[in-house]
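Work through the exercises below with the sequence and the coordinates open. Each task is followed by a solution in steps.

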Amino acid sequence: MVNKMPKHIASGLKYLAAVKLKEQGHNQQKIAEELDIDRSTVSHYLNGRNLSWNSIDVAKTITDLYPKDFLTMVQAIIQDPEKSRKIVIICKKYEYDAFVDDSCIGCGLCVDLCFMKSITLVSLKAQINSIHCCGCQTCENECPTNSIKILEIEDD
Ligand code: SF4
Ligand code: SF4
């Protein structure tokens, strides 16, 4: 029973993601494609069937964690980098602004460290795609020249 828990919680996370995508106006087929699950499963999720509500509560708690912990938990539960990135992007609670200072020396460390694949090097300077950034601050903390600043965008 214990080893089934991650699977149940993964379902809870996918349920939350499906609900969010529905709120954004996506149809069931699109949601199924985004989450790499079949359409009948999406239908069950959106109708609240075949779900453990305890797992959904746990999944909600995970999305409330500090961003780095949220990312770590999703990685551990989903165990697939591409699917983890999707869930994190859809279920993250906040949006972020990312700034890279001119002191960037283009070493590429942040590119390698960013699990969300949000950073690229352009003309030997880091550029950050804020849409995919989950605010984990790994890049900010590890940059050898302190060139990165990640700021949460406050709701008005
Ligand atoms: S780790 Fe810092 S110095 Fe290196 S590429 Fe990224 S922003 Fe630039
Ligand atoms: S904070 Fe930095 S390392 Fe984390 S997701 Fe955003 S860009 Fe990537």
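The model is predicted, with local features requiring pLDDT of at least 70 and side-chain atom pairs pLDDT 80 or more, while totals for chains, interfaces and linings use all residues. Residues are numbered from 1 along each chain as its sequence is written, and chains are lettered from A and ligands numbered from 1 in the order in which they are written.

**Exercise 1.** Classify the packing of helix α2 (residues 28-35) against helix α3 (residues 39-46).

*Solution.* Helices here are DSSP runs (H or I, at least four residues), numbered from the N terminus. The angle between α2 and α3 is about 105°, and their axes lie 8 Å apart. α2 is therefore roughly perpendicular to α3 (65 to 115 degrees). On the α2 side the contact uses Q28, Q29, I31 and A32, and on the α3 side R39, V42 and S43 (C-beta atoms, placed from the backbone, within 7 Å).

**Exercise 2.** Which residues come nearest to ligand 2?

*Solution.* There are 15 residues around ligand 2 (C-beta atom, placed from the backbone, within 6 Å). C114, M116, C133, C136 and C139 come nearest.

**Exercise 3.** Is Q127 buried or partly exposed?

*Solution.* Q127 belongs to strand β3 (residues 125-128) (a strand is a DSSP run of E, at least two residues). Q127 has 14 C-beta neighbours inside 10 Å, so it counts as partly exposed (buried means 20 or more, exposed 12 or fewer, partly exposed in between). Leaving out residues up to four places away in sequence, Q127 touches V100, I119, T120 and V122. The C-alpha atoms of Q127 and F99 are separated by 8.3 Å, at 28 residues apart along the chain.

How values were computed: Axes are lines fitted to C-alpha atoms, for helices over the stretch in contact, and angles run from 0 to 180 degrees between N-to-C directions. Angles under 35 degrees count as roughly parallel, over 145 as roughly antiparallel, 65 to 115 as roughly perpendicular and the rest as oblique. Two residues are in contact if their C-beta atoms, placed from the backbone, lie within 7 Å.
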